[in-house]
Structure formats: structure tokens, C-alpha cells
Amino acid sequence: MRLLLFFDLPMNTKSERRIYAKFRKRLIEDGFIMLQFSVYVKIFPNRDALIQYTERLKRSLPAKGSIRIMAVTEKQYEKMQVLVGGKSLQEETLGSESMVIL
């Protein structure tokens with residue numbers, strides 16, 4: 001399974017930019033890769049692991065902004081179409097054979 005995470009966080013003040021950077025850094029440390037700006041994706045071995053991570057994520061969200069998640073199966077993810085542009089170097093390198101580290 002894959003978890004898609006979409007976020008828009010305010011970045012008007014120095015404090016808000018710090019919160020944004022900390023949130024983004026934590027996503028990367030947790031194994032997310034950037035699909036597009038403010039759209040990150042992570043592979044999970046099963047639904048239970050995904051639910052467990054989601055509950056942990058909910059406990060440490062920024063107070064302001066918009067954060068959404070959507071779980072999709074590998075089959076659904078593979079059907080995603082890129083209309084303009086292409087896969088990032090990170091997507092090409094990791095592909096769907098990525099290791100899952102929890």
C-alpha cells in the first residue's frame with residue numbers, strides 16, 4: 001500500500017517557515033519521498049502498518065494549514081498517469097521495488 005500525503009502550510013512568518021521545514025524534514029526521515037511540491041508518498045507493507053503510522057502522524061501535526069492523506073493500493077498507484085513532466089529521479093531510482101522500513 002502507498003500513503004499519499006498532501007499538505008499546504010502557511011509560510012508567512014519565520015516561525016511558520018520553521019514549522020514547515022520541521023514537518024517536511026520529519027516526513028523525509030519517516031521514509032516519504034516527494035512526488036511533487038507538497039505531495040509526498042510512502043510505501044507500507046500492509047494496511048495495519050499504514051493505520052498505525054497514520055495514528056502516530058496525527059499526534060504530531062502542525063496546528064495550522066491543510067494536511068490530507070489518501071491510501072491507495074500498489075495497483076491503483078501504478079495506474080497514475082503523468083500528464084506533463086515525468087517521474088522524478090528519486091521515483092525512477094526507487095521505483096516500486098523500494099524497501100519498506102518502519
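# Close-up views of a predicted model

View 1. Helix H1, formed by residues 14-29, has 16 residues and spans 22 Å from its first C-alpha to its last, close to the 22 Å expected at 1.5 Å a residue. The expected span is 1.5 Å times one less than the number of residues in the helix. Helices (H or I, at least four residues) and strands (E, at least two) are DSSP runs, numbered from the N terminus. This is a predicted model, in which local features need pLDDT of at least 70 and side-chain atom pairs count only at pLDDT 80 or more, while totals for chains, interfaces and linings use all residues. Residues are numbered from 1 along each chain as its sequence is written, and side-chain values use heavy atoms, leaving out hydrogens and water. Buried means under 20% relative accessible area, exposed over 50%, and partly exposed in between (1.4 Å probe, protein chains only). Glu-16, Phe-23 and Leu-27 are the buried residues of H1. Seen down the axis of H1, these buried residues fall within an arc of 40°, so they line one face of the helix; the arc is that of the directions from the helix axis to the C-beta atoms. The face turned away from the buried side carries the exposed residues Lys-14, Arg-18, Lys-22, Lys-25 and Glu-29. Just after H1, Gly-31 takes a positive phi of about 100°.

**View 2. The four-stranded sheet.** Four strands form an open sheet in the order S2-S3-S1-S4, with antiparallel pairing. S2 and S4 are the edge strands, each pairing on one side only. Neighbouring strands of this sheet are turned by 30° against each other on average, direction ignored. Two strands pair if DSSP finds at least two bridges between them. S1 and S4 are joined by seven bridges, and Leu-4 stands opposite Met-70 in S4. S1 and S3 pair over five bridges, with Tyr-40 in S3 as the bridge partner of Leu-5.

View 3. Strand S2 (residues 33-36) runs antiparallel to S3 and is joined to S3 by three bridges; Gln-36 stands opposite Val-39. The two strands form a hairpin with two residues between them, and Ser-38 in the turn has a positive phi of about 65°.

**View 4. Helices against the sheet.** The buried residues of H1 pack against strand S1 (2-8), strand S3 (39-43), helix H2 (47-58) and strand S4 (66-72). Contact means heavy atoms within 4.5 Å. H2 lies across S1, S3 and S4, running at about 20° to S1. Axes are lines fitted to C-alpha atoms, for helices over the stretch in contact, and angles run from 0 to 180 degrees between N-to-C directions.

**View 5. Surroundings of Lys-64.** Lys-64 is placed in the loop between H2 and S4. Lys-64 counts as exposed, at 56% relative accessibility. Not counting residues up to four places away in sequence, Lys-64 touches Leu-9, Pro-10 and Glu-16. The C-alpha atoms of Lys-64 and Pro-10 are separated by 7.2 Å, although these residues are 54 residues apart along the chain.
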